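Biologist: I am new to this structure and would like to learn how to read it. Please take me through it feature by feature.

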Amino acid sequence: MEDNSPYQASKVAPAARASDQLDWRDAVPSEITSRIKHMWILLVLTGIWMLIMALIMLANMQQLQGWLLGLVLALTSIYMLAAFGVYKRSRTVATIVLAFWALSTLGTLLKFTTGEGNMSGVGFTAVFGFVAIRGTFATYRYHHHMANVRTRPARARLSDDPAFAPKLDA
């Protein structure tokens, strides 16, 4: 065949795959992602705090109470696993964290009514609750946003038009 035949198709640069193209509307808004990020960071910090408390308990005990140390280590692992689940944007884990906060709120208020609690415990519970509520709602909003993005048809781009495709002369 002739290379300069007028009937020969010109070479076209390969187009990017549809999965590689990210529309600017598909990006999750930062008001959703930042709340989720705050929630998992708070869970990691709480898990680290529980681990520090376990190490202090281990260092200060003359008579080692294994069940108490085991309980603190179990809570540490629960916080870390919950942080990983929230980081992965799991609605189930976010809801469990919210329920866990509700139970800890009841425990804090019961301690406060019996005179054993303090205001720092109430303050931490309030901050944890504020972040847990916002993070849980943001996780649901994230999944709602992603469902809307998946159902939306792909936007036609001018660069996808063959008339505007680059011509490769070889």
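Biologist: Where is Arg89 found?

Modeller: The model is a predicted one. In it, Arg89 belongs to the loop between α2 and α3. With a relative accessible area of 22%, Arg89 is partly exposed.

Biologist: How should I read the backbone there, and what phi does Arg89 have?

Modeller: The general idea is that most residues other than glycine have a negative phi. Arg89 is not a glycine, yet its phi is positive, about 65°.

Biologist: Which ring does Arg89 lie over?

Modeller: The ring is that of Tyr142: Arg89 lies over its face, at 4.9 Å from the ring centre.

Biologist: Let us step back to the whole chain. How many helices and strands are there in the protein?

Modeller: The protein has 4 helices and 2 strands. Their order from the N terminus is β-α-α-α-α-β. Of the 170 residues, 23% are buried. Among contacts with a separation of 6 or more, 77% are between residues 24 or more positions apart.

Biologist: How do I read two packed helices, and at what angle do the axes of α2 and α3 cross?

Modeller: Two packed helices are described by the angle between their axes and the distance between the axes. The axes of α2 and α3 cross at roughly 140° and come within 9 Å. That angle makes α2 oblique to α3, since only angles over 145 degrees count as roughly antiparallel. The crossing is left-handed.

Biologist: Which residues of α2 and α3 meet?

Modeller: From α2 there are Leu75, Tyr79, Ala82, Gly85 and Val86, and they meet Val93, Ala94, Val97 and Phe100 of α3.

Biologist: At what angle do α3 and α4 pack?

Modeller: The angle is about 160°, and the axes are 9 Å apart. The two helices are therefore roughly antiparallel to each other. The crossing of α3 and α4 is left-handed. Residues of α3 in this contact include Ala94, Val97, Leu98 and Trp101, while those of α4 include Val122, Phe128, Ala132 and Ile133.

Biologist: Now the aromatic rings. How is a pair described, and how many aromatic pairs are there?

Modeller: A pair of rings is described by the distance of the centres and the angle of the planes. Here the count comes to 4 aromatic pairs. In one of them, Tyr79 and Phe100, the ring centres are 5.6 Å apart and the planes stand at 75°, so this pair is edge-to-face. The pair links distant parts of the chain, with Tyr79 in helix α2 (residues 66–87) and Phe100 in helix α3 (residues 91–114), 21 residues apart.

Biologist: Are Tyr79 and Phe100 buried or partly exposed?

Modeller: Tyr79 counts as buried because its relative accessibility is 12%, and the limit for buried is under 20%. Phe100, at 28%, counts as partly exposed.

Biologist: What kind of pair do Phe124 and Phe128 form?

Modeller: Their ring centres are 6.0 Å apart and their planes are at 35°, so the pair is tilted. Both residues lie in helix α4 (residues 119–151), 4 residues apart, which is about one turn of the helix. Phe124 is partly exposed at 42% relative accessible area, whereas Phe128 is buried at 5% relative accessibility.

Biologist: Which residues do the ring pairs link into a cluster?

Modeller: Tyr79, Phe100, Phe124 and Phe128 are linked into a cluster by ring pairs.

Terms used
Residues are numbered from 1 along each chain as its sequence is written. This is a predicted model: local features need pLDDT of at least 70, side-chain atom pairs count only at pLDDT 80 or more; totals for chains, interfaces and linings use all residues. Side-chain values use heavy atoms; hydrogens and water are left out. Rings of Phe, Tyr and Trp (its six-membered ring) pair if their centres lie within 6.5 Å; planes under 30 degrees apart count as stacked, over 60 as edge-to-face and the rest as tilted. Buried means under 20% relative accessible area, exposed over 50%, partly exposed in between (1.4 Å probe, protein chains only). A charge sits over a ring if NZ of Lys or CZ of Arg is within 6 Å of the ring centre and within 35 degrees of the ring normal. Axes are lines fitted to C-alpha atoms, for helices over the stretch in contact, and angles run from 0 to 180 degrees between N-to-C directions. Angles under 35 degrees count as roughly parallel, over 145 as roughly antiparallel, 65 to 115 as roughly perpendicular and the rest as oblique. A crossing is left-handed if the near helix is turned anticlockwise from the far one by less than a right angle, and right-handed if clockwise. Contact means heavy atoms within 4.5 Å.
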